[in-house]
Amino acid sequence: MAATFPAQEDDLFSRNLQKRYNGLVMVRKRAIRGKGAWYWYHLEPILFQNQDTGTAKAVKLRCGLCSALFSASNPSRTATEHLKRGSCPNFRHPEVNYNGIRPKSTKHNLLALPPPLAPLAMVPAFCSSEPVFPSQPDRPQLTQSQIDTAFDLLSEWFYESCGHVSLSTIDHPKFKAFLNHLGLPRINRSYLTGAKLDAKYEKIMVQTKSKLQDAMFFQLSTDGWGKGKKRNNSDFPDVFASISLNLPNGSSLFHKVLFLGTSSPSSDYIKDILWSTIIETSGYDVFRCAGIVADVGNVNNVVLQELETRHHWMVIVSCQSTALHKLLRDFSKDLPLFATTASICLKIIQKFESHHYNGLNICLTQQRPYSSLDQASATISAVENVARLFYKFGHTFTEKVIPVDPSDRELSDVVQESKFWKDLDCFANLISIIRELLQDIKEDRLCLGQCLPLWKELKSRITGWCSRFEIDDKPVMELVNRRFAKNYHAAWAASYVLDPLFLVEDSCGRYLPPFKFLTPEQEKDVVKTITRLTRDEEAHVALMELMKWRTEGLDPVYARAVQAKERDPISGKMRVVNPRGNRLIWETYLSEFKVLRRVAARLVFLQATTSKFNWNQSFLSLVCSKRQSNETIERAQKVLFVSLHQRFERDEFSDEEEKDPELSSCENDMSLDQYLVCKPVD
């Protein structure tokens, strides 16, 4: 009988534990429904069983935030010691900011009010079975891990959106309310610009250096260097230059932004900066720099020529995107009929602006005040906008916007004539030709070998435009040829004939370089370029290999593989399947060309356009302001570096003033009268 006593006691102990566990579970369920203490949202009863007998062995409370185990004898004391007093690393007091700072004078002040209840707490009312909700609305109760993840994503978004999203956004009341609604604590600026930024910056610097060291060669890309112009009566002029690096694998690395002050930089300063950057990025192996693509303005083009003459292994070219923009400006200034039509369009837009037709703003391609633009940009934009409105609304647009006005009879008479609208259609089509080519350049990342085909395509389209609208092509083609001559570089021809993408199949099935499409002068440029890019003792070998390349070309199997194209599912255009195949062919298969292969691999890799950056004016003002401390400027530059690096990885360089397509589109069923909602004049 005595032997049965321990067993009976164990059974009784086990049943008591089971009852205790069931009771705690019931209390917790009631609390979760709003009829119990707040801490049951975080504490969970756990029953431990004997593995051999299956009987209850112990009852514990587990913290749902950190998984710690406690005795179940006194849940209230456990909640006080573990949760309220800060022992749990993942429990956050509602009044603690994300930077970990608790409000002062709440710990030792005996007269201080007790801390508010947690957001999800529901306290039973006295003499009532209904719960009393706290004063602030319910919100999700997040773990520390969830909060950290949320703020990591938020900081990544801020860094990537730098220049478009102001740092002051985090102090906006609506943004704070948004965080609170999601169950997130407040965040301060030091979190975004402190240790997290430093760690992100150092990580990217290590990645950048590693990628650069792995590259056999690279190309320097620089944009800016123009004289600063103030925008919208701001005290901050746009005077900064960007420098990035193009790598053979098709990727690009952001290097730095230079803030130049209020005056245009001198030629010597530009040369010193570019050369010092080459030394810095190449690790003093300057021959790794295959060349430079730059947009330095008309005055400073001589700088590029001097650098190339001094360093024979580099090819230094100007940006072709900028060249087409300048050609468009040439048309607007030097074609009399274009200038006349554009001036009328500018008057129409100015009258449109004076009437404050804000409903039509979404139809405009240019929404900034025309007074803030230079003359050429203003006239080109005016032609585009009037054409856009006319294509949408027809003659009713001018009847509404430009009624017969005795004070402006001349303009009223002009818009009644069909000739004006014919001329408008003519020049809107000309602008469209340039815009389409610019878009192609942006999407395809124009390489050096594509420059001659680009300008050939441009001349063909403009010739067709002249024929279609019965325009004398002589003055138009004079402007095109003049702009072509200003931008032409001898390396264009060399890269064109060495690039396997442009091999032409002859009647015998051989794939030969397209020498037959070059002029005699361009053929000479091929020889000059290859000779200049090789060492003196290897020049004759390179020319012999060039003759072999000219007569034998590339194996048809490899040529067809390099030139293989597929349709882009988004744009519908045919694109090369392997854009880097032309360079890889020279580096791997064409091993018999001992000298020419080194020259060709570098030439076909070089790009002919620079990356354009657009920045929030207030952010640049912060970086460039003399009133800011050195530490503030350094922080802003780190944010700039991190942001641009991530935008390079996404290959995204959109303008903050670009509108979403659905917001800028006029392609809907609204009538002109619905658009013409006048804004009251202040």
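Guide: Gladly! Let's begin at a hairpin made by β2 and β3, where five residues lie between the two strands. Ser67 sits in that turn and has a positive phi of about 70°. Please keep in mind that this is a predicted model, in which local features need pLDDT of at least 70, side-chain atom pairs count only at pLDDT 80 or more, and totals for chains, interfaces and linings use all residues. Residues are numbered from 1 along each chain as its sequence is written, and side-chain values use heavy atoms, with hydrogens and water left out.

A strand here is a DSSP run of E with at least two residues, numbered from the N terminus. Two strands pair if DSSP finds at least two bridges between them. β2 and β3, the latter covering residues 69-71, meet that rule with three bridges in the antiparallel sense. To find one of these contacts, look for Lys60, whose bridge partner in β3 is Ser71.

Now follow β2 to its other partner. Strand β1 (residues 43-49) runs antiparallel to β2 (residues 56-63), and seven bridges join them. Within this pairing, Leu47 has Val59 of β2 standing opposite. These two strands form a hairpin as well, with six residues between them. In its turn you will find Gly54, where phi is positive, at about 80°.

As you trace the strands, here is a handy rule: in a regular strand, side chains alternate between the two faces of the sheet.

Key. Helices (H or I, at least four residues) and strands (E, at least two) are DSSP runs, numbered from the N terminus.
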